[in-house]
Amino acid sequence: MAMLLFVLPQAVSANDAPTVAVNEQQISFTSDPFLQSDRTMVEFRPIFEALGMSVNWDAASKSIVASNQDVTINLQIGSTEASANGEARTIDVAPSIVDGRTVVPLRFVSEAAGADVNWQPGGEIQITAEGATPVESVTGSAFEQEVVRLTNQERAAQGLPALQAASDVADVARIKSEDMRDNSYFSHDSPTYGSPFQMMEHYGLDFRAAGENIAAGQRTPEQVVEGWMNSPGHRANILSERFTHIGIGHAEGGDYGHYWTQMFVSY
């Protein structure tokens, strides 16, 4: 059995943006780092994960908690008051949400985590974090990447621009698929997180427009995209001109064998 459901739904230029590497491993950001009041601001999740820290976002208080076995860092959107292991710190530039992305001051979070930060010739920022084991940030399984490719192929056939794959959106989509599998339900409304929009907000996605397609039982990316394209509501989401970014989440197991979530946003 296969099932389908949908829900309608001061920066530098990219060429001048610095690159950031932790222990010589360059970090991939969805949005380029930028300067604000002479401080480099970066997306919060990739930097913390590269430093070996787990991250939690509280949508109600708009606060970030990043932690590992040695340190816990607390930050809040719009506030220059922060803490590291309970010790109050004042930072020069407050975390903020820019174009839908939550950004934090790179030097503060790195040094609070015990790392050294050095600018290199050519605009690279090298961070040395002894003993840091990066938390794996899944960029997408082969199945998930293929769904993105097939979705953009359908859009191209209609003369529409490609949707940009966003790792933070994919993270939420993956959690949704796992939630459906683990809690044996098939619905846009999660017993854990509420509506798709509430779930996105819970995980810190700040969007202007959003939509969701879900499916269960299809064994391959080709089958699930074909099923969505043959359904008017799902097709409308895939071909919507409102959306700019996409995230795919696939989970195996459970009652249907395969669960798929396709989340769309614009910032």
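**Note on the predicted fold**

1. The protein contains seven helices and 18 strands, where helices (H or I, at least four residues) and strands (E, at least two) are DSSP runs numbered from the N terminus. Its radius of gyration, taken over C-alpha atoms, is 19 Å, close to the 18 Å that the globule rule (2.2 Å times the number of residues to the power 0.38) gives for 267 residues, so the protein is as compact as a globular protein of that length. Along the principal axes, the C-alpha atoms fill a box of roughly 55 × 40 × 30 Å.

2. This is a predicted model, in which local features need pLDDT of at least 70 and side-chain atom pairs count only at pLDDT 80 or more, while totals for chains, interfaces and linings use all residues. Residues are numbered from 1 along each chain as its sequence is written, and side-chain values use heavy atoms, with hydrogens and water left out.

3. Of the 267 residues, 51% count as buried, that is, under 20% relative accessible area with a 1.4 Å probe and protein chains only. The protein exposes about 12,600 Å², of which carbon and sulfur atoms supply 44%; accessible areas come from the Shrake-Rupley method with a 1.4 Å probe.

4. Four strands form an open sheet with mixed pairing, in the order β3-β2-β14-β13, where two strands pair if DSSP finds at least two bridges between them. The edge strands, β3 (25–26) and β13 (116–120), each pair on one side only.

5. Within this sheet, β2 (residues 19–22) and β14 (residues 124–128) pair in the parallel sense over four bridges, and Val22 stands opposite Ile127 in β14.

Conventions. Buried < 20%, exposed > 50% of the residue type's maximum accessible area, 1.4 Å probe, protein only.
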